[in-house]
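Dear colleague,

Please open it first, and then read the notes below alongside it.

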Amino acid sequence: MLNLAIVSPFIIALIVPLLYKSLKRVHTGWFVLIVPIVLFLYLVQFIPSVASGEVYIYEVPWIPSLGINFTAYLDGLSLILALLITGVGSLVILYSIYYLSKERESLGHFYVYLLMFMGAMLGVVFSDNLMVLYLFWELTSISSFLLIAYWYHRRQSRYGAQKSMLITVTGGIGMLAGFIMLSTMMDTFSIREIIANVAGYTDHALFIPAMLLVLLGAFTKSAQFPFHIWLPDAMEAPTPVSAYLHSATMVKAGIYLVARFTPVFGGDAVWFWVVSLVGMITLFWGSFNAVRQTDLKALLAYSTISQLGLIMSLLGIGSAALYFDASNAASAMYSIAIFTALFHLVNHSTFKGALFMVVGIVDHETGTRDIRKLGGLMTIMPVTFTLAVVGSFAMAGLPPFNGFLSKEMFFTAVLDVTQLSFFSIDTWGMLFPIVAWIASVFTFVYSMILVFKTFLGKHQPEKLEKTAHEAPIGMLISPVILASLVIVFFFFPNLLGEYLIKPGYAAVMPTFVGVEGYDTQFNISAWHGFNTELLMTLGVVGFGVVLYQLWPKWEGVYALFPRKWTLDNLYNRSLLTLENQSTNFTNRYMTGNMYHYMVYIFIAILVIVTGVVAYTGAISIDSSNDAPISIYEGFIAAVMAVTALSIPFAKSRLTAILLNGVLGYLLALFFVFFRAPDLALTQLVVETVSAALFLLCFYFLPEWEKEARKPRIKVMNAIIAVSVGTLVTLLALSVQNNRFFDSISSFYENAYELAGAQNIVNAILGDFRAFDTMLEVVVLLIAGLGVYVLIKLKPKKEERGQDVEGE
Amino acid sequence: MFQVLLIIALFLFATAIGIAAFRIIKGPSMPDRVVALDAIGVNLISVAAVVSIVLNTRAFLEVILIIGILAFISTIAFSKFIERGVIIERKRDR
Amino acid sequence: MNASATGEAIGAILILAGAIMAVISAVGIIRLPDVYTRSHAGTKSATLAVLLTLTGTFFYFWLTDQYISIRLILGIVFVFLTAPVAGHLIARAAYRSKVPLTETSVEDELKDVLEQEDYHDPTKGQEEQKEEG
Amino acid sequence: METMMSILVGILVTVATYLILSKSLLRVILGTAIMSHAVHMLILVMGGFSRDSSAPLLGEDAASYTDALPQALILTAIVISFGVTAFFLVLAYRTYKELKTDDLTKLRGHDNDE
Amino acid sequence: MKANDVILQTVSKVAVFIILTYGVHLFLAGHYEPGGGFVGGLVLASAFVLLLLSFDIDTVRKGMPIDFKLLAAVGAFLSVGTGLAALAFGVPFLSQTEVSATLPILGEIPLASVVLFEAGVAFAVIGTVVTIIISISEDV
Amino acid sequence: MFGQLLLNILIAFLWVLLQDEDTFEFSTFFGGFLIGLGIIYVMRRFFFKEFYLKRAYSAFKLLLIFNRELISSSVLIIRQILSPKLKVTPGIFTYETKLKGDWEITALSLLLMLTPGSVVIEISPSNNVFYIHAMDVPESKNAVLRALTKFEKAIMEVTR
Amino acid sequence: MMSNLLVIPMVLPLIVGIILIFLRPFVRTQRVISFLTMVLTFGVSTYLLVEVQRNGIQTLDFGGWDAPYGITFVGDSFSLLLTATAYFIAATVLIYVFATIGEEKEKMFVYPLILLLLAGVACSFLTGDLFNLYVGFEVMLLASYALIVLGGEKGQLRESIKYVLVNVFSSFVFLIAIAFLYGTLGTLNFAQLSLRVAEAGQPALLTTIAIVLLLVFSLKAGLLLYFWLPGSYGAPPMGIAALFGALLTKVGIYALFRVFTLLFYHEPDITHTLIGIMAILTMIGGSIGAIAYNDLRKIIAYNVVIAVGFILSGLAIANQAAIEGSIFYLVHDMIVKALLFLLIGATIYLSNVGRLDRVSGMIRNYPLLGWMFFITMISLAGIPPLSGFIGKVYVAQGAIESSAYVLLAFTLISSIFVLYSLLRIFRAVFFGESTISKEDMLPMKKAMMIPSIIFVAASFALGFGVEGIAGVVSDAAETLMNPTIYIEAVLNQGGA
Ligand code: NA
Ligand code: NA
């Protein structure tokens, strides 16, 4: 079952640490290797049936009530990627067994991450449910993070890991938003259902935002410009990881996503332009930058970026076909780009995988990947050299390697574009072949650099950390297999096309399946006669050779791009600026000064409440129904006001306490006027006890000083204070004018019948609302305990032994 | 008539309280203030008694003794505060 | 004249007398020259005032409501008992915190006794006290 | 009467607010104490005022009683304020003994150390 | 010269009696008149405060070896406990009973659970107030 | 121990009075007695001296003497406060008493202080010297001393 | 349904807390009893929660006095879910406290105080009475005051002052609002308040009072007015801080949800818009703060702030999906914030340094700690299958349904800041060259790790097992969205 296939790497991952610890003598990789091989073989058996148009769906309920289920969906598209994941996975693990020393490396971790990644990647390509897809999507980012940071003691590893994580997870979150928009629009999380229902929603306001957000996810994952900057830094990972994640599989997840969503969004101008343009820019920018790299892995990283751009642009171009009515057979020809994209996806995985392994071998055997130190390895490492030639030439698009085929088809696709006359393509369409051609020239150049600067020229053993020699045979098996495939696919492309690519295409362009003659053009052949494509290739080679030869002359071009303004620098500086500015900003208002905090709080209250009052007109005052004020009430009120107002001007702390006490006593008097004897009693006692507490504590506090503050601040405080007071008064007056309902309290006048008490207040406290009273007791208890603890428990250094155990 | 007399009495007490409050504000010494506070407390007792009659309730008679108790305690507290700073000693040294 | 009217009359007279006393003692608090003399007015004249008022109230409730309020009696006793102590403590506190006597004071027999001995220093207290006693 | 009381509450709140905005912890605590007076008074005022009602004691056979519920609420609030004030005071006292200042601007902590 | 507190101490002893009696009265009267557990408790506490003021902590402790923290806890326990007792009778939490039992000699006394509840309040108040005051005073 | 019993009964009576009941109920008294018992139990260690009540008559006489002094000195004080031109000559003088024991000393001080115009500021640690502040020394010192001796004698009649 | 059982989540810790005061010298007994109490209370709360699913809202009129005259406890899915979560957290955190707090503090009533704190929290969740809510708050706050200064260190005192002052002040404002509401509506019972607000049509004055309440609870919840929070949460011992981080602001959040779904839902253009604006500003402030410092305690404190903004976004949106999302996220955040505090506590304890620039490579010394932190980070960033995910999805969905795109953007961006802020810690503290040599390594106390393991398991369980609580959450949200359900349950019981 497919779901189990997805989960199995995770399960094995759980026991890997145990295997690693218990069987120290065997390289853990051997156990791990079983997983992808078994999975690969399991998947291979689906090829015939999928090729005949079958799809497989397995559903395991996860959160059925929310419509989130673990639904595995196998069709032509997912099968291509799944085979890559398990196939390349097997080869990479085999390679890693020789690459990573079991003595020096913590293989337990390594293989856990790798298996986690493998499972996650399978999850991505098999998931039908958007949320589950997202789950696995982020898991790939996380495992990638861990693998990049595998040598976490290196600064650069940590840097690269964080960068990739930040960028891909951010993109992922954007994608999630897009997914949720889709699901909200169509009320389903199932991709199949979305594809089935999308027709009615293309005009929905959320359609384009959802599309762009999904693309954000895809572009970040697939290292498309300008998000590509993480990929070169991801090269800090061990080379098997680079070969696997950062060229063959993970970065293809974005490609997969775009392909998967082509039936949803394809046919829209925005999709066409964004996908194809971003792809073209990436294609160019990657190839252009790859040329100047001196680190072999960095060169490969930029090359990967460039190739991913190529595939992306193909997907964009192909999507234009969906603009046409599906029954229009002629339109199918434009969809060749989709076919090409999938074809190149596979091809790229083979030759780039091989190249990474080659670079890994060079690194492993010489101790460096710096082109400037390398050279003349051809004779020392003949097998590796051969592999490098195969991979590079395929990458450069030369026969007899598979890269040639897909590159030719790419040229066809870009040339076809120019014939379209919608989406304003007629105006800008010429850009496609031009950019494609220029990028191909650079691709040719860096491919040559890779081979010739490393293996030809002068050997400089003194610059190498190790004495170079050919890699052990085990390490060569995987690249040899991949290189063989590079050649096999050139000679038998239709084997691949028929059984894998075409079913994949059918999954991406389901509406074209069955349209008459749609598949005749998918017959891949190396020779089409002297057509434009071939001429372009010849031009590429010619110009490429010239540029390669003249490299020192035009190297200066790169200096035209100031270092300060590179995207990398932008990333670094914005993070740094973000952190610094955050610190500055936060420090500026989070002063730790209570006064400031209180000012913020008061101002927030004033602004918000006054704002709402002004907006709603809540204040309405009418004092005509007031009870008249008797003389003594007025007198006491006046005394109270004067007392209160004189407190801030009090000259000593004792005076202030006394005045506060007077205030409390006068309040008790008001309680008397308001017929609240219980309150009056309580207030009196509490006021006195509080005053006693004030005295007890104040003795130790410093003498009450005149507030030494700038007059400006004093005035501001006064303004705030008066405003707050006024606000309270106005609201209180409004409330008195707007008593919407009578109080429930007449009920309590039956206190005697109900609770056997004559004192209503006491009945409320002791019975009707006894719960409040009970908690109030608890409050007191806690206050008492708190005070006790506060006083008795002191920081240790002072050694006040006797105080700790009080009574 | 009786009510009027009571109101006058209340007014007189209030005046006394007001005067004492003046002494609290003016000082000059701390004991002066305490003396005045004590006087206020004692006058409040009278007020409570008279208010009980005015409002025709016994409810506030409870207040009388309370004020007496509190006035006494607070005066002691203030005095000790002024005299020794400490109002409750851990152990009196004598 | 019925009991109620009598109660009102007695009550009114006593209460008014108390009120007047209260004002007089308040005046004393203002007029008298130093804290010691003020404490005479504050604590004792005021005490007298409150005793009058409470007694008046007591009689009022007794004669008009036939209600003998023990609280009032207790209150009277309590005030009687504690007011002088309060006066004593305030005066002592004033003296010990060195609030000066008014200039018109004629004699001060306490000054020397207190000044001889450093009563602020608790460590010295013990011995010196024994010498004195 | 209600208007006067509301204004009085406003005055108390004003003074309390002003004190709470002080530097000295002493003043701040005193501010909270005054604020509690204001709030309790406000609850009372919100319960309404009537000269004809008597205290909520059923023994007194009155025609109507004042609203007892706000009184009960205030009682609870008074007790709680008392507990809180006591704790706050002791906290201030301990703080002063430990840190030798009651100036809130000097009690900033290490917010600015980076 | 050491201050001689003989007057204060002697009068306080008498005053404390009055206050204590009055405090108990206030606490019990709450059902019918102003008063109740909180005020009663505070007044009782003020009696202890008066003792502390007039004498000193050690003397008072010797005279009354009560751990006031625990007294507060006892109070809280009583208050919550009376609430919980209702559970045993299957009535809602904090249901107060109003049985007034007629006992020999004592006559009719209110056995209302409210009394117990209020006693809890009072104890808690006494315990808390005195704990606070003693704690601070001891910390010199 | 007799004093404690007396006090207990006193509290019980106080209790009865506080209850405001129309008739004297023994149950109430008993309740008060129990409460008193509780209070006294709590307070038991504060009983340093015993308490006598048999000299009620002497006490009554003391009360009369006191009242007379109270009124006369009150008049004196009021006259002084209200006199348009304030002319006071206060001062502190000493008085050595023959009384002994806390209760006697306290009683004397209370009586003296209740009479306006005189305040006991200090009592010597040896419990025998009073430092008295008088409102108007030239005029009232003698009156105060006279009152003192009267009180002293009357107290001794009660206590000894 | 009337059941005394409903008071147990509040009264059991209360009475046990009181009893433990008497058991002061017996530290072990205190530990066992307090732990068992938490577990038992968790059990009861969970049982009640199940009961609500079966028989509808549970109510209990204290003293047998019908609402609105007495005080009523109302257990609906929302309140009981939070109660159960709170006790789950408390029980687990207690294990950490046992291991770390030290006997000196154990004898200083730390367990009674924690139990009383929980009682206050439970009371705040369960009460159906506005004034009682205030009282419940105070119980909780006083306990927190006592706990925050436990130990009396200089820094603690300094921060406590601020914490206490802000809370004292906000309690006053709360009382003012209660007074106004009582003055206008004459009642304190939530259900009746709701009826009366609806009947009056929530006129301008009531909306204004609602805003005052909004500010009160915002102060408690740390919504916009969070200035007090970062310092305070850095002050107490870590176990206590974990409880604070997990519980205290959540009570304010709960109150906001209750008040603005049950009472004041008639003028969302004013109230809920304001909540939305405040939520956004909170997320901004929190996000900026979280990456501004190298002090670990501060970083996690600002993370608390971010979560507050996030959860309140759901309330601002106020549709079924958003409220469900907020509830999911609330439960998640309570658990994982506690976890985060515990892990940081262990980190600080083991490294003896509280700053990320002074220690590195700890994952080599303490792999379990490091990986649990990693998982916590993932969980807080809302990455599936951990617990934060589903809440995020639902809030986002709610935002989309209500076209609240600004909120959508900020909620999602804030989770990137969460991730980054914690990633900084992970990168700097756990990765990197190991600064602690094997010899100098402090041994890891097992009991320190157990609670974290439990929380990590809970985060997984909550993530994988969403289905298990989905019904409860949707019922909770439904009750919040339909005030009549609540009102009926409170006022119409007993066949009236
Ligand atoms: Na109460
Ligand atoms: Na929190």
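The term pLDDT stands for the predictor's confidence in each residue, on a scale from 0 to 100, and it is needed here since this is a predicted model. For chain D the pLDDT averages 86, and 92% of the residues score at least 70. Among the elements of chain D, the highest mean pLDDT, 95, belongs to helix H1 (residues 2-20) of chain D, while the lowest, 92, belongs to helix H3 (residues 68-99) of chain D.

The buried residues in H22(A) are Glu533(A), Leu534(A), Met536(A), Thr537(A), Val540(A), Gly544(A), Leu547(A) and Tyr548(A). Seen down the axis of H22(A), these buried residues fall within an arc of 155°, so they line one face of the helix. An α-helix has 3.6 residues a turn, so residues three or four places apart point the same way. The cover over the buried residues of H22(A) includes helices H17 (402-417), H19 (431-455) and H23 (551-554) of chain A, whereas the face turned away from the buried side carries the exposed residues Leu535(A) and Gln549(A).

Chain A also meets chain G, in a contact that takes 103 residues from chain A and 117 residues from chain G. Between them the two chains bury about 9800 Å², 78% of it on carbon and sulfur atoms. Two salt bridges are counted between chain A and chain G, and Glu579(A) forms a salt bridge with Arg424(G), where the closest N and O atoms are 3.2 Å apart.

With best wishes

Conventions:
Residues are numbered from 1 along each chain as its sequence is written. Chains are lettered from A and ligands numbered from 1 in the order in which they are written. This is a predicted model: local features need pLDDT of at least 70, side-chain atom pairs count only at pLDDT 80 or more; totals for chains, interfaces and linings use all residues. Side-chain values use heavy atoms; hydrogens and water are left out. Helices (H or I, at least four residues) and strands (E, at least two) are DSSP runs, numbered from the N terminus. Buried means under 20% relative accessible area, exposed over 50%, partly exposed in between (1.4 Å probe, protein chains only). The arc is that of the directions from the helix axis to the C-beta atoms. Contact means heavy atoms within 4.5 Å. Buried area is the accessible area (1.4 Å probe) that two parts lose on being put together, summed over both. A salt bridge is a side-chain nitrogen of Lys or Arg within 4 Å of a carboxyl oxygen of Asp or Glu.
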